[in-house]
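Have the structure open while you read.

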Amino acid sequence: MTLVTLSPADTRAAIDAGARLIDIRGADEHARERIPGAINVPLDRIVDLRCDGRPIVFHCRSGMRTAAHAGQLGAAAGDVPAYILEGGIDAWRQAGQPIVTDRSKPLEIMRQVQITAGALVLIGVVLGLFVAPAFLGLSAFVGAGLMFAGVTGWCGMANLLRVMPWNRRAAA
């Protein structure tokens, strides 16, 4: 199913006319930054979406996730008219529409993974060049872990970061 995209202005008009805005990003992304009134139903739980007859506008961060999963989103909406916010929350913000930001919430887990993996690779390379070549193994280990995560969909670093104190406090 192909869903029609709406501009931020058209989305605002649809919301004002009674449409529901569904944020398909993860709960950690939604907690840190969201469109006021958006309901968080992460993509992996979209089958749990309960439609009440009102039109639905789906959004993510940039519009890529919603576009890539339009068929799944359309199926979850059923007979209810469903749309995609073109450009996601990024376009919404650029159009001057209101955003709720809570900087007290931790960064999204995948951003934490990117920062941690990048730091470990950099440390491994620097130590390998200036201290002992064996430290290059750290960079290789992190690279292998990222490849494993990409192939299997299971990321040990993300799971480890989820239990860190700053992330446990945010989930409570």
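Which helix gives the most to the lining of the second largest pocket? That's α7, with 6 residues. Keep in mind that this is a predicted model, where local features need pLDDT of at least 70 and side-chain atom pairs count only at pLDDT 80 or more, while totals for chains, interfaces and linings use all residues. Residues are numbered from 1 along each chain as its sequence is written, and side-chain values use heavy atoms, leaving out hydrogens and water.

**How the spaces are found**
- Rolling a probe the size of a water molecule over the atoms shows where empty space is left.
- A pocket is an open set of points on a 1 Å grid over the protein atoms alone, where a 1.4 Å probe fits, with protein on both sides within 12 Å along at least five of seven lines; lining residues have an atom within 4 Å of a point.
- Volume here is the space filled by probe spheres set on the points, which are joined across faces, edges and corners.
- Helices are DSSP runs (H or I, at least four residues), numbered from the N terminus.

**The second largest pocket**
- Its volume is about 160 Å³.
- Among the residues lining this pocket are L120, F141, V142, W154 and M157.
- Both α7 and α8 supply at least two residues each.
- By class, this lining has 9 nonpolar, 2 polar and no charged residues (Ala, Val, Leu, Ile, Met, Phe, Trp, Tyr, Cys and Pro count as nonpolar; Asp, Glu, Lys and Arg as charged; the others, Gly among them, as polar).

**The largest pocket**
- This one has a volume of about 1100 Å³ and a lining of 42 residues, with D28, E29, E108, I109 and M110 nearest its centre.
- α6 gives the most to that lining, with 6 residues.
- Sorted by class, the lining has 19 nonpolar, 8 polar and 15 charged residues.

**A closer look at α7**
- With 17 residues, α7 reaches 24 Å from its first C-alpha to its last, close to the expected 24 Å (1.5 Å times one less than its number of residues).
- S139, V142 and A149 of α7 are buried, meaning under 20% relative accessible area with a 1.4 Å probe and protein chains only, while exposed means over 50%.
- Seen down the axis, the buried residues of α7 fall within an arc of 90 degrees, so they line one face of the helix (the arc uses directions from the helix axis to the C-beta atoms).
- On the other side of α7, you'll find A140, F141, M147 and V151 exposed.
- Just after α7, G153 takes a positive phi of about 85 degrees.
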